Amino acid sequence: MAMTPNLVLVSDRADDRTLVAAALRSAWVIAHAAGLGPACEALAHAPCDAVLGAVDAADGSIDALLASVAAQRPGTPVIVVADCMDAEAAVELLHAGASDVVLRENLPRRLPLALARACAVAAQRKPASPADELVRTARQLPSLTDNFT
């Protein structure tokens, strides 16, 4: 049985929680943080597979959120939500560490795909565990029976 992934939603807008819940249809467990301070607390103590941050979060810029996620949960994808944004600003956010940028009006349609894509990329970038490295190394070693052929 697959585990339900966890999302930290950072937004001071009440309608964002409803919009995100409707878009994800119970596929994610959503923890709401109404600004940067509560988001840092959630990142420190709550399970988190991805972060959804609104550009208009109350007590900090999205850049501060990106830096906080990078420091507390390296490799965790962050998707930025904005009411409107030009391409240059979106590219700057991507360079600053955002996984994707989604316009709020497109959230119901684009959020599930954006989260799936961001989490898949994060999983590919995740360093292998020591056990995974041992298995990979063992597969590269010649078999004991290779010497008896």
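This is a predicted model: local features need pLDDT of at least 70, side-chain atom pairs count only at pLDDT 80 or more; totals for chains, interfaces and linings use all residues.
**View 1. Six helices and five strands make up the secondary structure of the chain.** From the N terminus on, the elements follow the order β-α-β-α-β-α-β-α-β-α-α. The chain has 149 residues, and buried residues make up 34% of them. Its accessible surface comes to about 9,000 Å², with 59% of that belonging to carbon and sulfur atoms. Take the contacts between residues at least 6 apart in sequence: 59% of these join residues at least 24 apart.

**View 2. Helix H2 lines up its buried residues on one face.** H2 spans residues 36–45, and its buried residues are Leu-36, Ala-39, Ala-42 and Leu-43. Looking down the axis of H2, you will find these buried residues within an arc of 120°, so they line one face of the helix.

**View 3. S4, helix H4 and S5 form a right-handed β-α-β unit.** Strand S4 covers residues 78–82, helix H4 covers residues 87–96, and strand S5 covers residues 100–103. S4 and S5 run parallel and are joined by four bridges. For a landmark in this pairing, look at Val-80, whose bridge partner in S5 is Val-101.

**View 4. Ile-79 sits in strand S4.** Is Ile-79 buried or exposed? Its relative accessibility is 0%, so Ile-79 counts as buried. Leaving out residues up to four places away in sequence, Ile-79 touches Val-51, Leu-52 and Gly-53, as well as Asp-100, Val-102, Ala-114, Leu-115 and Ala-118. Ala-50 lies 29 residues from Ile-79 along the chain, and 7.8 Å separates their C-alpha atoms.

**View 5. Asp-100, in strand S5, makes a side-chain polar contact with Arg-117.** The two side chains meet at 2.6 Å. Asp-100 has a relative accessibility of 12%, which is under the 20% cut-off, and therefore counts as buried. Which residues surround Asp-100, apart from its neighbours within four places in sequence? Asp-100 is in contact with Val-78, Ile-79 and Val-80, with Leu-94, and with Arg-110, Ala-114 and Arg-117.

Notes
Residues are numbered from 1 along each chain as its sequence is written. Side-chain values use heavy atoms; hydrogens and water are left out. Helices (H or I, at least four residues) and strands (E, at least two) are DSSP runs, numbered from the N terminus. Buried means under 20% relative accessible area, exposed over 50%, partly exposed in between (1.4 Å probe, protein chains only). A polar contact is a pair of N or O atoms within 3.5 Å; within protein, one must be able to donate a hydrogen and the other to accept it, and residues adjacent in sequence count only if both atoms are side-chain atoms. Contact means heavy atoms within 4.5 Å. Two strands pair if DSSP finds at least two bridges between them. A crossover is right-handed if, with the strands pointing away from the viewer, the path from the first strand over the helix to the second runs clockwise. The arc is that of the directions from the helix axis to the C-beta atoms. Accessible areas come from the Shrake-Rupley method with a 1.4 Å probe; for residues, only the protein chains shown count as cover.
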